[in-house]
Amino acid sequence: MLEIRNIYKTFNPGTINEKKALCGVNITLNDGDFCTVIGGNGAGKSTMMNAVAGVWPLDSGVILVDGTDVSGLSEYQRAPFFGRVFQDPRTGTAGDMQIDENMALAARRGQRRTLRWGVTKKERDEYREYLKTLDLGLEDRLTEKVGLLSGGQRQALTLIMATMKKPKVLLLDEHTAALDPKTASKVLAATDKIVEENHLTTLMVTHNMRDAIHHGNRLIMMNDGNVAFDISGEAKKKLTVEDLLHKFEEVTGGTFANDRMLLSK
Amino acid sequence: MAAYFSSLNPVALWNAAPGGVAQGLIWGIMALGVYITFRVLNFADMTVDGSFSLGGAVAVMLMLKGVSPHVVLFVSFGAGLLSGCITGILHTKLGIPDILAGILTQISLYSINLNLMGKANQAVPVNSVRVFFTSNVRYLGQTLTLTLVVDVIIVAIIYWFLGTELGSSIRATGINPNMSRAQGIDTNKMKIIALMLGNGLVALSGGILSEYQGFADVKMGQGSIVIGLAAVIIGEVLAEALVGKRLNFIMRLSFTIVGAITYYMVYVFVLWLKFPADDMKLLTAIVVAAFLAVPYLKEKRTNSFSGLTRRNAKLEAASAQVDKEDA
């Protein structure tokens, strides 16, 4: 499904701020894999996500989706392959546009934007029905501006927009990190539901070890711009937070996990 | 003082008013162009000073060649599209920051307009062609009706366009370019389209104004960005005050034109007060600065560090009042 082959990226090469962010990352996700990604600050988790999404070009390496090489495509050109949810709830939606308008934009991902009407009445009815099944209380607020929603609601809406047109791969970049614990668990539950129902191949970056263990069928730990640890299936199910912390100490050479990871145990 | 007031002639003001409205209706088209770039695309586009004159220059030069006055306006619009396209390419393909990209096009248009006209200004050949938008008092009623019709049609077209899939993508690009790209929108293309459309309207407005005033001048667009902004902002403040929460998009567009008319009525009024015409640009700048500052200062009144003491004192007084009533 998603194949990341030997990708490299260095930021500010040749300057004092040079940062080797990705050093030959190789990851292959199978169809329907739900893979969580953890790692310390600067390990390359988000950089890897951005590389897949095409925020900037790679230095070298190939990214394949369903066998199609997308690494030469710009961000908007490869958008049809991916559904994306970001850390900041404001990033994934247009705050000054209505809920239905946002959804209509997402429904047309990968299509030419024509001079047909932006949201049809038929679509609006479909969206209302769809939102009803998700029970977020958004179905009666279709024509409200997204900017009026809470962070959790906005993140849930972004998730819906990322998946309503089924993507080849769903990219979740710490999408619950900015939410309070209760809202975060709600959004995560919605994530599980949507991923399962649509059988989506998913890559989810998180800072929370427990979430990384409890969600998905595979876990990758990144360190220094590379995959340090890759576990899946039964072995992942047996994994505990303690195991992960040990593993983390091991790969980082003794230095202890950063505060944020400890706190989010 | 008494001599000054007695020198003011109410009849003169009454006579000047229709001209003010006509100018407002014409500049309203220009303000709609500014609305598209400044408000919808969130792009401070300085091209307009040049594209406004370009519209005028193209219209007058073609009329001198005998082209009919309504056909030339389409050419003005097209020339505006082109100038917006150049700013868009400078910004998106060559990475030049938005304001600078606009200024570069604006400054190059100055030379282009001079070349087009051969000199700094050119008069419309009044006798050879009958212009539709004329300031001639005899036909002023016709001009007012015609500009009003044109404005209504343009508002309707913009309303329709921004509601389409393409228009929605342009709005999304202005609000959140990251999200737009993630949803597969080519944000660079959207910026170019919006800049073209905005400058097309600006040039159309310039073309109509040159017909109205009977000449095109290379400097007629100078400071027009500020007038456009003034119209947009005055329109917003008026709309907020008059319509409030029920404000919808078509109202926003319409109030931009109302803003332009208001601006020109104030202009006429200030001139009538015998304010020197040379100071009008200064006055415009002050008006725009004031209108831009109002929302900020309003927000600051309720939400500032220095106001905290005042707010606390108020709260204390209120609670003291409650205590007294309880006792």
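In chain A of this predicted model, 70% of the contacts between residues at least 6 apart in sequence join residues at least 24 apart. The secondary structure of chain A comprises ten helices and ten strands. Its C-alpha trace extends about 60 × 40 × 35 Å along the principal axes. Buried residues account for 44% of the 265 residues in chain A.

Because twelve of the 13 residues are buried, helix 5 of chain A is largely enclosed by the rest of the structure. The buried positions include G152(A), R154(A), L157(A), I160(A) and T163(A). Packed against the buried residues of this helix are strand 6 (82–85), helix 3 (99–107), helix 4 (121–134), strand 7 (169–173) and helix 6 (181–198) of chain A.

Turning to the contact between the chains, chain A contributes 25 residues and chain B contributes 20 residues. On the chain B side, the elements giving two or more residues are helix 7 (165–175) and helix 8 (177–182) of chain B. Helix 7 of chain B provides the largest share of that side, with eight residues. By class, the side of chain B that touches chain A holds ten polar, six nonpolar and four charged residues.

Terms used
Residues numbered from 1 in each chain as written. Chains lettered and ligands numbered in written order. Predicted model: local features only at pLDDT ≥ 70, side-chain atom pairs only at ≥ 80, totals over all residues. Helix = DSSP H or I, 4+ residues; strand = E, 2+ residues; numbered from the N terminus. Buried ≥ 20, exposed ≤ 12 C-beta atoms within 10 Å, placed from the backbone. Contact = placed C-beta atoms within 7 Å. Nonpolar A, V, L, I, M, F, W, Y, C, P; charged D, E, K, R; others polar.
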